[in-house]
Amino acid sequence: MSPRLSGPDRAAPPAARKPVAAPAPAPAPSSASAPVPSPGRTLAAALLGFFVITLDASVVTVALPSIGTDLHGGLAALQWVVDGYTLVFAAFMLSTGALSDRIGAGRAFGAGMAVFTAASAACGLAPGLGVLIGTRVVQGTAASVMLPASLALVRQAYPDAGSTPHPSGAASGRIGRARAIALWAAGGASAVALGPVAGGALTSAWSWRAIFFINLPVGLLAAVLLARTPRSPRRPAPLDVPGQLTAVLGLAALTFAVIEGGGLGLVAAAVAVAVLAGFFLIEARSAHPVVPLGLFRDRTVAVCVAVGAALSFAFYGMIFVLSLFFQQVRDQSPLGAGLMFLPMTALIPAVNIVSGRLSALSPPSAGGAPVGARLPMLAGQLLMVAGLLVLLPVTARTPAALLAVVMVPLGLGGALAVPPLTAALLDATPADRAGLAAGVLNAGRQIAGALSVAAFGALVADRDRFLSGMRVCLLLSAALLTVTAVATAAALRPGRPADS
């Protein structure tokens with residue numbers, strides 16, 4: 001006898017079985033039990049991450065003289081406090097963009113934030129310069145994971161270049177990717193604006209150690225927001241270990257050569273040339289290069305990376321030099337030095353947002369050229385050139401109010417150019433390579449910043465010739481930006497194909 005014909009079902013008459021219909025559909029889960037993923041929450045977490053890693057680069061600069069006095073270090077050691085963070089930040093970001101794609105942007109961002117927060121506490125407790133530089137290296141490694149992952153999170157939350165509806169259908173949830181990127185950039189811009197003032201205030205009121213402890217609550221808040229965001233997709237992305245190792249070694253040797261100089265510097269320079277040549281050979285032959293050289297065949301990608309590097313070279317190098325100028329030449333306090341940057345940095349977040357809107361006003365042309373990005377990118381570079389040149393006549397006797405005002409174009413130029421170049425880069429890159437593209441762009445920016453600190457520190461090392469060295473720094477920065485501005489005008493000309 002068949003089992004399914006036995007038991008109560010067999011004895012039951014048809015009338016008894018008829019009411020047993022298909023179960024009613026389960027009620028939709030309430031918003032309390034299954035919250036609707038919010039792009040805004042993802043954007044907020046990414047913004048805070050970008051904020052805290054940018055703050056850590058800008059907040060330390062004003063505190064350098066106090067760190068040197070407290071831990072008994074010279075200018076070369078202080079340059080390593082900055083470049084120990086920036087160098088590994090830049091070098092490892094070549095791989096961490098692919099890592100973000102491989103394990104998921106959310107997982108990469110969360111792990112990076114945890115390590116960064118712990119390393120920040122260790123920096124604040126460092127008993128000497130050696131420990132401080134070492135923990136700064138750990139910070140920079142974690143930041144290299146966070147930055148491309150944060151931008152990939154924004155790309156994931158806002159997949160369309162145009163307006164994207166909120167999952168709930170609310171009209172207020174509509175926001176374009178260009179504006180989302182501008183808001184993300186405003187997080188870093190806010191950190192740039194707050195960094196010098198916060199660094200000066202904390203150093204004057206308490207100690208330079210406080211500049212690292214302020215990262216802890218920000219990191220905690222970002223982690224809470226990240227826990228409420230949807231999981232990120234994964235994409236197979238093999239890591240290029242030989243390429244990554246040669247990039248780190250080559251950039252470290254190059255930075256050492258610029259900072260230390262002398263006989264050891266010459267040896268380091270030779271090592272840097274040999275290792276970096278090996279890096280490019282590895283990348284050309286690797287099936288999965290850490291920096292796909294073919295990525296730069298797209299003229300939009302090549303120009304955006306070059307412009308981003310030039311802007312960072314000029315901005316971060318001059319922030320470093322001017323911080324020393326205010327305290328060592330003009331004898332200002334850390335707080336006074338920080339306040340000098342306030343007019344220059346206070347408008348940066350607002351200009352970032354306006355710039356993002358400007359680049360979104362005009363869609364790509366029929367040939368693919370990012371017409372909307374071209375104008376703010378070009379205007380930003382030229383504005384920064386003007387800001388650099390107007391600082392040439394500055395002396396120790398220049399009135400503080402006048403000096404603070406003439407520094408304003410230096411900050412606004414980068415604020416105007418960075419959001420559109422970031423949006424243009426992502427628009428020119430396939431969605432599944434967003435993390436890689438973000439890593440290449442920001443690695444270029446950080447490498448340029450590290451090299452400018454190393455080079456400019458060497459030019460102003462002699463206090464008796466500080467002003468002449470500072471003027472050389474200004475002219476070098478202006479010349480580089482002039483070259484990239486010409487490239488922007490030519491390469492992003494409307495009507496030209498995007499990949500010519």
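This is a predicted model: local features need pLDDT of at least 70, side-chain atom pairs count only at pLDDT 80 or more; totals for chains, interfaces and linings use all residues.
A residue counts as buried when its relative accessible area is under 20%, as exposed when that value is over 50%, and as partly exposed in between.

**First stop: phenylalanine 279 and phenylalanine 280.** Select these two residues, whose rings form an edge-to-face aromatic pair, 5.3 Å centre to centre with 70 degrees between the planes. Phenylalanine 279 has a relative accessible area of 7% and is therefore buried. Phenylalanine 280, at 46% relative accessibility, is partly exposed.

**Second stop: helix H4.** The structure holds 10 aromatic pairs. Among them is the edge-to-face pair of tyrosine 85 and phenylalanine 89, with 5.6 Å between the ring centres and 70 degrees between the planes. Both residues belong to helix H4 (residues 75–103); because they are four residues apart in this helix, about one helical turn separates them. Tyrosine 85 is buried, with a relative accessible area of 0%, and phenylalanine 89 is buried at 2%.

Select Phe325, Phe326, Phe341 and Phe466, which ring pairs link into a cluster.

Display residues 299–329, which form helix H12, together with residues 466–491, which form helix H20. How do the two helices run relative to each other, roughly parallel or roughly antiparallel? Their axes come within 10 Å and cross at roughly 160 degrees. Angles over 145 degrees count as roughly antiparallel, so H12 is roughly antiparallel to H20. The crossing is left-handed. The contact of H12 with H20 comprises 22 nonpolar, four polar and one charged residues.

Methods. Residues are numbered from 1 along each chain as its sequence is written. Side-chain values use heavy atoms; hydrogens and water are left out. Rings of Phe, Tyr and Trp (its six-membered ring) pair if their centres lie within 6.5 Å; planes under 30 degrees apart count as stacked, over 60 as edge-to-face and the rest as tilted. Buried means under 20% relative accessible area, exposed over 50%, partly exposed in between (1.4 Å probe, protein chains only). Axes are lines fitted to C-alpha atoms, for helices over the stretch in contact, and angles run from 0 to 180 degrees between N-to-C directions. Angles under 35 degrees count as roughly parallel, over 145 as roughly antiparallel, 65 to 115 as roughly perpendicular and the rest as oblique. A crossing is left-handed if the near helix is turned anticlockwise from the far one by less than a right angle, and right-handed if clockwise. Ala, Val, Leu, Ile, Met, Phe, Trp, Tyr, Cys and Pro count as nonpolar, Asp, Glu, Lys and Arg as charged, and the others, Gly among them, as polar.
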